[in-house]
Structures are given as structure tokens and as C-alpha cells.
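Please look over the sequence and the structure before reading on.

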Amino acid sequence: MFSIFTIMKKTKFSRQQLYDLVWSNSLRSLSKKYNISDNGIRKACTRMNIPLPLMGHWQKVQYGKKVRKRPLPDYDGKETEIELEIRTEENSSPPLKDLTKEIKNDPSLPTTVPGRLSKPDPLIETAQTTLEERSKERWSDHGLINTKSGEVNIQVSPQNYRRALRFMDTFIKLIKARGHSIEVSGRETILIINDERIKINLKEKWNIEKETDERGWVSHNKSPSGILQLRIDELHSKQWKDGKKFKLEEQLARILIEFEKYAEKEKKRKHEIKE
């Protein structure tokens, strides 16, 4: 067995040590520590016949559930070690385009929104019941219906609620597959990424038209636009919406990466304020 040694911020791992590493840390956390992508670690493990945790493994660990560690099988290949470089400020931020492509090419991450809802997340099952009921009612907020307190925060027109559920279901599954989590508290839907809590909502954008009456009073008439937008419901607001080239559903990989970068930036900002 090869020992671990470091030269100029580079560390060598034997096959056994890499196996121990990927079963004690998520690929996402390893890619943040070392200058290699999660997919790069996955490919190295495939080459050396090292089994990886299945989807949902780290969520079970997070909630204290029992998990099964797959044993390291025999191996007669030539590659017996891997050299990893510790990330530095200079090499810590690969281009957004490359990261997005990597997410899309990872078969373990759901980045395609299906044409129909299938095996929805429990949070989406609850929201679906509410939106189905409210889509049949006459009441709406300028044409939009919304979920109840204690449910994923969604506000859309009755014509768009099925699409909104499919998008949000895939988004939640992608977030969890990436090793993050999501929770609901009252009217707040909160993403938890690297211990950063980010409030979000999914809302259909309004068309707003100004109208002036005989006395000169200006009113604003709102109506559904059909444009979905996923928003960070914070002071430092950010949003993603349907565009001319890409619908919201086609931006999932990029949205995920931008959320992770946002969480890193918030953590750094808070640390600087504390210092």
C-alpha cells in the first residue's frame, strides 16, 4: 500500500485510500477540496474499480439513517494510485460553462424535466394536491394561485401549475442528489447548501399594464404572463426565468452551479463581516 505524501500542495492516494476517501466525503465536497471535478473523481474510481455510494447515501447519513458501505472488490489493473492537487485561489474556480457541462453529463444527476410528473418528492405531492384544488376555484391573486403555508412556495396561473410542479420536482431531486437539502417552514422554502440557508420561491411573472382614468389616477392591471421564474427571496436577490432561447427547465444545470456559487459567496461575505 502506498503512503500519503504531499509535494507542492499535491497529494497521492493509494486505491484503498481513495476508496476510504469517497466513502467518508461526498464527491462534491472532495471536488471543492481538490483541483478535480466530481466527474473526474468518479472516472478515476471507475478505472480502479472502486464502488461509489449510491444516490441518496449522503442524505441518509445527514439524517442519521443506516447506510450500507459497499466493499472494495479485487482489482488487477495497472493504475494503483492517484495524485490530487489541493485547490488554491488560483485554481479554485473553473469556468461556469465547464461546470454546467459537467453537471449535464453526470448520469447520477437529474437535469431533464419530464413531460409528466413521476414519483414526485413528498414536498411536491403535498403542493400538487393544493394546486389541483385551487385550479378549480374562482379565487386567484390577479390570475395566480398559490400553495399553502407549510408547502413549497409556488405561485402560478392554473394553466401553468402542472409545469411548475414538474420543474420544482426535478429541481428538488437535483438538489438532493447533489448532497444538499431543502426544507419548508411556514411560507418559506429554504435551500441548505454548505450550511447556508437560502430562501427561494417559484412564481409566474405578471404582465403589468398602466391605466389612467379620467381624473388622472394611474392604476396597474396585473395578469399572468406564462413566464416562470425561480427567485432567491433574500436581500441579495437573484432570479432565473424563461428566456427567448431557453425555458427555465433547460437551465437546471446552470441554476444548480449558480446556487452553489451564491452559497459560497454568502459564506465568505458573512465570514468577512464577522472578522
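With which residue does aspartate 169 form a salt bridge? In this predicted model, the partner is lysine 173, and the closest N and O atoms of the two are 2.8 Å apart. Because aspartate 169 and lysine 173 are 4 residues apart in helix H7, about one helical turn separates them. Aspartate 169 is buried at 3% relative accessibility, whereas lysine 173 is partly exposed at 28%.

## Helix H8 and its links

Helix H8 covers residues 252-274 and reaches 33 Å from its first C-alpha to its last, close to the span expected for its 23 residues. Its buried residues include Leu252, Phe259, Tyr262 and Glu266.

In a salt bridge of 2.9 Å, the side chain of lysine 270 meets that of glutamate 196; lysine 270 lies in H8 and glutamate 196 in strand E8, so the pair ties together parts that are 74 residues apart in sequence. Here lysine 270 is partly exposed, at 42%, while glutamate 196 is buried, at 8%.

Arginine 28 and glutamate 264 also form a salt bridge, at 3.6 Å from N to O, and this pair links helix H2 with helix H8 across 236 residues. Arg28 and Glu264 belong to a network of salt bridges with shared partners, which also takes in Lys32, Asp38, Arg178 and Glu260.

## The second largest pocket

The second largest pocket has a volume of about 400 Å³, and among the residues closest to its centre are Ser26, Gly179 and His180. Helix H4 gives the most to the lining of this pocket, with 4 residues, and the lining as a whole has 4 nonpolar, 10 polar and 4 charged residues.

Note on methods: Residues are numbered from 1 along each chain as its sequence is written. This is a predicted model: local features need pLDDT of at least 70, side-chain atom pairs count only at pLDDT 80 or more; totals for chains, interfaces and linings use all residues. Side-chain values use heavy atoms; hydrogens and water are left out. On a 1 Å grid over the protein atoms alone, a cavity is a set of points where a 1.4 Å probe fits but cannot get out, and a pocket is an open set with protein on both sides within 12 Å along at least five of seven lines; lining residues have an atom within 4 Å of a point. Grid points are joined across faces, edges and corners, and a volume is the space filled by probe spheres set on the points. Helices (H or I, at least four residues) and strands (E, at least two) are DSSP runs, numbered from the N terminus. Ala, Val, Leu, Ile, Met, Phe, Trp, Tyr, Cys and Pro count as nonpolar, Asp, Glu, Lys and Arg as charged, and the others, Gly among them, as polar. The expected span of a helix is 1.5 Å times one less than its number of residues. Buried means under 20% relative accessible area, exposed over 50%, partly exposed in between (1.4 Å probe, protein chains only). A salt bridge is a side-chain nitrogen of Lys or Arg within 4 Å of a carboxyl oxygen of Asp or Glu.
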